[in-house]
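Trainee: I am new to this structure and would like to understand the words used to describe it. Could we go through them one by one?

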Amino acid sequence: MRLLRHSETGYFSLTQFPDNAIPPYAILSHTWGADTEEVTFDDITNGKGKDKPGCEKIYFCGEQAARDKLDYFWIDTCCINKSSDAELSESINSMFRWYQCAKRCYVYLSDVSEVEQKRLDKEAKSTWEGAFQQSRWWTRGWTLQELLAPTSVQFFSKEGKYLGDRQSLAELIQKITGINILALQGSALSNFETSIKLKWAKNRQTTREEDLSYSLLGIFGISMPVIYGEGKQNAMRRLMREIDQYEPDEIYVRNLYITDPRDDKMRIEYVKGGLLEDSYRWVLQNSDFQRWQDDRQCQLLWIKGDPGKGKTMLLCGLVNELKSMDKTALISYFFCQHTDARLNNAMSVLQGLLYMIIRQQPSLVSHLRRIYQFTGQRHFNDVNAWFSLSEIFTDILQDPTLECRYVIIDAVNECVVDLPKLLYFVVQKLPQSSQVKWIVSSRNLWYIEEWLEGVDTKVILDLERNAESVSMAVSKFIQHRVLQLACKKKYNNKTRDDVLDYLSTHANDTFLWVALVCKNLESIPRWKTLQNLNAFPPDLIEFYEANIAWIGMSDNADLCRRILSTVAIVYRPVRLEELSSLVGTLGGMTDEVESLREIIGLCGSFLSIRGDTIYFVHQSAKDFLLMSGLTDPEGKGGETALIVN
Ligand SMILES: Nc1ncnc2c1ncn2[C@@H]1O[C@H](COP(=O)(O)OP(=O)(O)OP(=O)(O)O)[C@@H](O)[C@H]1O
């Protein structure tokens with residue numbers, strides 16, 4: 001791959017790197033002007049092209065990359081020597097990967113100007129949105145993969161002003177392109193059907209007609225020779241043939257799909273307010289962790305701790321760390337979640353782990369094919385499904401070509417359906433998978449301990465025994481969150497320091513408590529912060545009790561009580577529209593979804609809404625409601641009453 005960097009002359013120079021030694025780089029996405037306007041490979045090699053209009057975006061990209069501390073960057077106009085057919089063909093087949101591996105992708109929108117818009121419409125609140133939606137960038141063929149392949153896509157106006165990124169603008173981009181929001185949030189493209197991906201590409205244009213097909217190679221994860229001159233139809237026919245060849249096995253993997261744990265990890269990190277490295281990296285220095293990592297005999301690391309001690313976030317961090325320690329290591333993981341019926345049973349765990357392994361090492365699909373080619377989808381649902389899947393998993397674990405080095409299961413205590421089956425599976429598979437290291441996390445529960453007791457090759461990392469490290473991690477979390485709060489709520493220094501001090505002295509080494517208190521402070525007017533601060537009790541249970549009492553005193557106590565008791569006793573997360581009828585039968589109140597949304601906000605320490613679904617902010621909130629006797633299953637007429645006062 002050939003990369004650009006600033007040269008000593010103040011212009012740019014090109015350096016060729018072998019595939020295994022490519023430095024971190026940024027990449028530009030843009031639309032091409034007329035050929036004469038763009039700076040070419042020859043221009044850069046001969047130090048020319050400075051007066052061409054296309055030079056502006058090269059300067060922009062270089063400067064932005066420097067701001068992001070990246071020395072190198074790539075631009076298609078001048079990093080490919082297009083006079084070489086071989087290089088052009090190789091570049092077209094590599095392009096998706098190049099965008100995928102870039103640290104940052106900058107989308108330079110030459111037809112979106114904040115300044116011009118402001119001049120035209122002084123009243124306009126959103127100065128660029130209209131032009132953004134109309135930009136030519138959305139109509140071009142190649143820009144589809146440039147939007148979807150990179151992990152970080154940032155949009156800039158023609159003045160180089162940052163407009164937002166793919167994540168923050170996801171809803172608007174979905175509206176413009178019709179692309180599924182999950183794909184915009186980074187979900188693997190293999191999760192989307194061929195017809196859907198073809199729909200995303202429909203109505204896009206390319207200068208050369210064959211590029212309509214060539215620009216989709218990476219999106220479908222295939223490669224084929226580039227033959228300019230073959231025409232649009234032939235190129236499309238060849239593309240479809242390649243896709244069809246790959247499809248039959250794809251069906252087996254899709255049938256396996258319950259969830260993509262990579263999406264779950266992204267969602268969990270997002271919902272929990274973002275992963276903070278400073279609050280989990282202590283584990284890398286921990287002697288138990290190091291023993292597990294260094295000693296070949298130690299296969300299982302069991303991370304255990306009380307509610308809200310940061311286990312899930314620790315595992316999210318460990319996935320990242322293990323990946324960056326060994327870039328070739330394949331990791332399969334699963335995050336159990338009691339509140340989600342897709343994520344709370346042993347079968348889903350197995351399917352999720354297998355799905356991740358096969359997605360990353362597609363050749364292993366042969367183990368699935370062997371069993372399922374005669375039976376198809378039904379086999380995944382019948383009474384023997386667990387046993388045949390376990391057999392497939394065992395075969396995969398013993399496959400000499402297996403590249404999977406780590407299997408990680410978070411929160412096994414939240415696997416409420418068939419937990420013994422799952423634990424039996426883990427304990428039994430350990431000796432049969434000597435090249436794989438396992439991590440399991442759970443709360444401190446005797447029945448899990450009983451299951452894992454017999455494993456000789458395990459190391460226990462007990463968070464309660466590492467209280468000092470956890471305490472420091474919580475302190476860093478407090479500092480981070482309070483600074484965020486202070487910034488958002490515009491606290492003065494005294495308020496900020498008082499909040500910091502209060503949280504530090506009362507956190508009791510529990511992340512969750514801090515997270516919940518900060519969430520509450522977010523919804524309190526700035527001037528009431530100190531007044532309300534001392535009302536938060538330091539203990540998690542007390543915290544929930546205080547919140548229940550608080551809800552009890554509010555004008556909407558009855559309504560909140562009904563909602564909390566309904567959501568607590570139903571088996572799966574409730575959708576807003578379902579709740580309206582449930583609560584309606586309880587009290588004949590409004591069934592307006594938006595009103596319900598607001599009312600749910602009043603139960604904020606317990607409930608949150610994602611999309612249209614209501615979740616407990618944390619499992620412990622639900623545990624608290626169910627176990628502390630605040631729900632009364634004997635309630636009248638099948639209702640469950642929550643005693644608030
Ligand atoms: N490293 C971290 N970065 C950012 N936030 C964190 C981190 N660790 C913990 N938190 C915060 O603390 C909260 C609780 O953490 P987490 O859910 O990981 O705890 P847990 O031990 O898995 O709890 P439980 O056993 O009850 O499931 C999270 O919602 C998050 O807000």
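Mentor: Let us begin with a pair of strands: β8 and β11, the latter covering residues 437-442, pair in the parallel sense over 5 bridges. This is a predicted model, in which local features need pLDDT of at least 70 and side-chain atom pairs count only at pLDDT 80 or more, while totals for chains, interfaces and linings use all residues. Residues are numbered from 1 along each chain as its sequence is written.

Trainee: What is the order of the strands in the open sheet?

Mentor: The order of its 5 strands is β9-β10-β11-β8-β12, with parallel pairing. The twist averages 15° from one strand to the next, where axes are lines fitted to C-alpha atoms, for helices over the stretch in contact, and angles run from 0 to 180 degrees between N-to-C directions.

Trainee: Why are β9 and β12 called edge strands?

Mentor: Strands β9 (330-335) and β12 (458-462) each pair on one side only, and these are the edge strands.

Trainee: What makes β8 mostly covered?

Mentor: A residue is buried if 20 or more other C-beta atoms, placed from the backbone, lie within 10 Å of its own, exposed if 12 or fewer do, and partly exposed in between. In β8, 5 of its 5 residues are buried. In a regular strand the side chains alternate between the two faces of the sheet. For β8, L300, W302 and K304 are buried on one side, and L301 and I303 are buried on the other.

Trainee: Why is V517 called buried?

Mentor: V517 has 25 other C-beta atoms within 10 Å, so V517 counts as buried. V517 lies in helix α25, residues 511-522; V517 and L533 are 16 residues apart in sequence and 8.8 Å apart in space, C-alpha to C-alpha.

Trainee: How many helices and strands does the chain have?

Mentor: The chain has 31 helices and 17 strands, where helices (H or I, at least four residues) and strands (E, at least two) are DSSP runs, numbered from the N terminus. Of its 645 residues, 37% count as buried.

Technical notes. Two strands pair if DSSP finds at least two bridges between them.
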